[in-house]
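This report is meant to be read alongside the sequence and the three-dimensional view. Please keep both at hand while following the paragraphs below.

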Amino acid sequence: MASGREKAYAYLKDTVLTDPEMQGAFLSEQELADRIGVSRTPIREALLQLAAEDLVELVPKRGARVAPLAGREIRELMELRGIVERYAAQRLVSQGRAPVAELRSLLERQRELTGAEQAREFIAVDHRFHSVLVSAVGNALLDRHYDGLRSRQVRAGVVALFNQQGRQEAVLEEHAAILDALAAGDAQAACAAIDHHLESTLKVLLEG
């Protein structure tokens, strides 16, 4: 059974930090404790852990604030994702092991999730689409490294959906291009499709 700190950490990371309306907002420890059903101590512990990950800021006399995604952080996130995902695509295509069937299933699931009310689930499946590609390589350290980007990736994805009308449809098209290239065994096209997808997301976030 998860501890109070673990419950608080998971809730903050997966629910609060991915809410576009919470970007830059200060958090109430008591309100969070009441919502999650724990005391304030696990909330403080979870906030300290998130602060160590640079996901929240601890402001003296004011409390914890959700750290908004800055331009430099967004650029670095997309750059790092590109390095990892292009490597995965090249490696898997060269070995004929691209997880095409699973990626296609995830893409079909994403197509069912339209509308602002399903944005978080849409982005959760979006992250799964990319993480399946990376995990198929079979490198545990690479998986752990990529999973460390999850919170920032989900936050960026949700914010991008709210920043630009029609972004969900564009993401589906971009994912389809990645999948088609992998299915065709074309590593160069897959890398180009990954770059286009990440560059499009970066542009939306910076313009928002």
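## A pair within helix H4

Arg 81 is buried, with a relative accessible area of 5%, where buried means under 20%, exposed over 50% and partly exposed in between, computed with a 1.4 Å probe on protein chains only. Glu 85 is likewise buried, its relative accessible area being 0%. The side chains of Arg 81 and Glu 85 form a salt bridge with an N to O distance of 3.0 Å, a salt bridge being a side-chain nitrogen of Lys or Arg within 4 Å of a carboxyl oxygen of Asp or Glu. Both residues lie in helix H4, 4 residues apart, or about one turn of the helix; helices are DSSP runs of H or I with at least four residues, numbered from the N terminus.

## Basis of the model

This is a predicted model, in which local features need pLDDT of at least 70 and side-chain atom pairs count only at pLDDT 80 or more, while totals for chains, interfaces and linings use all residues. Residues are numbered from 1 along each chain as its sequence is written, and side-chain values use heavy atoms, with hydrogens and water left out.

## Other salt bridges

The structure holds 16 salt bridges. In one of them, Glu 73 pairs with Arg 152, the closest N and O atoms being 2.5 Å apart. This pair links distant parts of the chain, since Glu 73 belongs to helix H4 (residues 71-95) and Arg 152 to helix H8 (residues 150-163), 79 residues apart. Glu 73 is partly exposed, at 21% relative accessible area, whereas Arg 152 counts as buried at 18%.

Glu 112 and Arg 109 also meet through their side chains in a salt bridge, at 2.9 Å from N to O. Here Glu 112 counts as exposed, at 52% relative accessibility, and Arg 109 is partly exposed, at 32%.

## Packing of helices H6 and H7

Helix H6 (residues 119-135) packs against helix H7 (residues 140-147) at an angle of about 160°, with the axes 9 Å apart; the axes are lines fitted to C-alpha atoms over the stretch in contact, and angles run from 0 to 180 degrees between N-to-C directions. That angle makes H6 roughly antiparallel to H7, a description used for angles over 145 degrees.

In the contact (heavy atoms within 4.5 Å), the H6 residues His 127, His 130, Ser 131, Val 134 and Ser 135 meet Leu 142, Asp 143, Tyr 146 and Asp 147 of H7.

Methods: Helix = DSSP H or I, 4+ residues; strand = E, 2+ residues; numbered from the N terminus. Parallel < 35°, antiparallel > 145°, perpendicular 65-115°, else oblique.
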